[in-house]
Amino acid sequence: MAATAAVSPPCALVPCQGLRGALVSTRNFHATKNQRQRGRAVAAPISAKFDLKPPPYPLDALEPHMSQDTISYHWGKHHRGYVENLNMQIVGTDLDGMSLEDIIILSYNKGDILPAFNNAAQIWNHDFFWESMVPNGGGKPSGDLLGLIERDFGSFENFSVKFRSAASTQFGSGWVWLAYKANRLNVGNASNPRPSDEDKKLVVVKSPNAVNPLVWDYLPVLTIDVWEHAYDLDYQSRRADYVSMFMEKLVSWETVSARLEMAKAQVAEREREEEKRKYGEDNVNSSNEAVEMYLDSNIEDPAE
């Protein structure tokens, strides 16, 4: 799921889907006894556009590092709430029918955040977070990902220290990301937090509350949730222990590697499209200049 550089809202409101379409279940999440015994997530029925995606593993699969109770509460209550609230917010508005990424970028609104942003971004962030973990994960990556980390941070150990420090010191609620920095320019939606860094490199960035790197035109490859509800049942106030556990036992480096390849491919495709656009503009300009020269050559010389 990647961000687009700019989003144009529809010119007219999407017709209202009616009261039934706007009503979304607000029941609290309660896993049945059998579900809890099996430890598997079941996609909750949502009656509007966006669905509550289950984590890509049973709810007890990350134990003992992240308990079933934590994931049941975090995914089943908080993540579910964002989905339900967004579905109610967008019915009958310009945002209805847009992709989640487009809603995020548009509703960020250059930092003057619109009501739908927090719920939309938190849905995206949590989907990305669950998929960043895997049972028996952690350790050290390999291949091109490791090579790029070593190039951009000096060593994997330096990266690990930087990521852990950022996650442990993020003030209040928020997220910490490893992201592929696509450009150093300010996008129409937000000011670039790392304008002095080179393009096409990995960076560690913090974001408060629901904000994510899509609004800066960065392409995330890894995230950790540092809202308290992500870890307080298992680690109480020991956020640093939670961060260490995440890095050492849960990170899915295979997923991060795949995301990095997708990010690089997306940037390369964007550059090809930009070259085509510039080539087309140059051809148009050249044609216009040729026409002007031809017309000028047919103007009679007053001296003749």
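# Sheet, helix packing and pocket in a predicted model

Seven bridges link strand S1 (residues 174-181) to S3, and the two run antiparallel. This is a predicted model, in which local features need pLDDT of at least 70, side-chain atom pairs count only at pLDDT 80 or more, and totals for chains, interfaces and linings use all residues. Residues are numbered from 1 along each chain as its sequence is written, and side-chain values use heavy atoms, with hydrogens and water left out.

**The sheet.** Strands (E, at least two residues) and helices (H or I, at least four) are DSSP runs, numbered from the N terminus. Two strands pair if DSSP finds at least two bridges between them. The sheet is open and has three strands in the order S2-S1-S3, with antiparallel pairing. Strand S2 (201-208) and strand S3 (218-225) are the edge strands, and each pairs on one side only. Neighbouring strands of this sheet are turned by 25° against each other on average, direction ignored. Trp177 stands opposite Thr223 in S3.

**Helix packing.** Two helix pairs are set out below. Axes are lines fitted to C-alpha atoms, for helices over the stretch in contact, and angles run from 0 to 180 degrees between N-to-C directions. A crossing is left-handed if the near helix is turned anticlockwise from the far one by less than a right angle, and right-handed if clockwise.

| Helix pair | Axes | Angle |
|---|---|---|
| H7 (residues 156-169) and H9 (residues 239-250) | 9 Å apart | about 145° |
| H3 (residues 68-90) and H5 (residues 116-131) | within 8 Å | roughly 140° |

H7 passes H9 in a right-handed crossing. Contact means heavy atoms within 4.5 Å. On the H7 side the contact residues include Phe159, Phe163 and Arg164; on the H9 side they include Val243, Phe246 and Met247. By class, this contact of H7 with H9 has seven nonpolar, four polar and three charged residues. Ala, Val, Leu, Ile, Met, Phe, Trp, Tyr, Cys and Pro count as nonpolar, Asp, Glu, Lys and Arg as charged, and the others, Gly among them, as polar.

H3 passes H5 in a left-handed crossing. Among the contact residues are His74, Trp75 and Tyr82 of H3, and Ile123, His126 and Trp130 of H5. The contact of H3 with H5 has 10 nonpolar, seven polar and one charged residues.

**Backbone details.** The peptide bond from Glu63 to Pro64 is cis, with omega near 5°. Pro64 is found in the loop between helix H2 (33-38) and H3. Lys200 is not a glycine, yet has a positive phi of about 55°. Lys200 lies in the loop between S1 and S2.

**The largest pocket.** A pocket is an open set of points on a 1 Å grid over the protein atoms alone, where a 1.4 Å probe fits, with protein on both sides within 12 Å along at least five of seven lines; lining residues have an atom within 4 Å of a point. The largest pocket holds about 400 Å³ of space. Its lining has 18 residues, of which Ala182, Asn183, Arg270, Glu271 and Glu274 lie nearest the centre. The lining divides into five nonpolar, two polar and 11 charged residues.

Terms used: Points joined across faces, edges and corners; volume = space filled by probe spheres on them.
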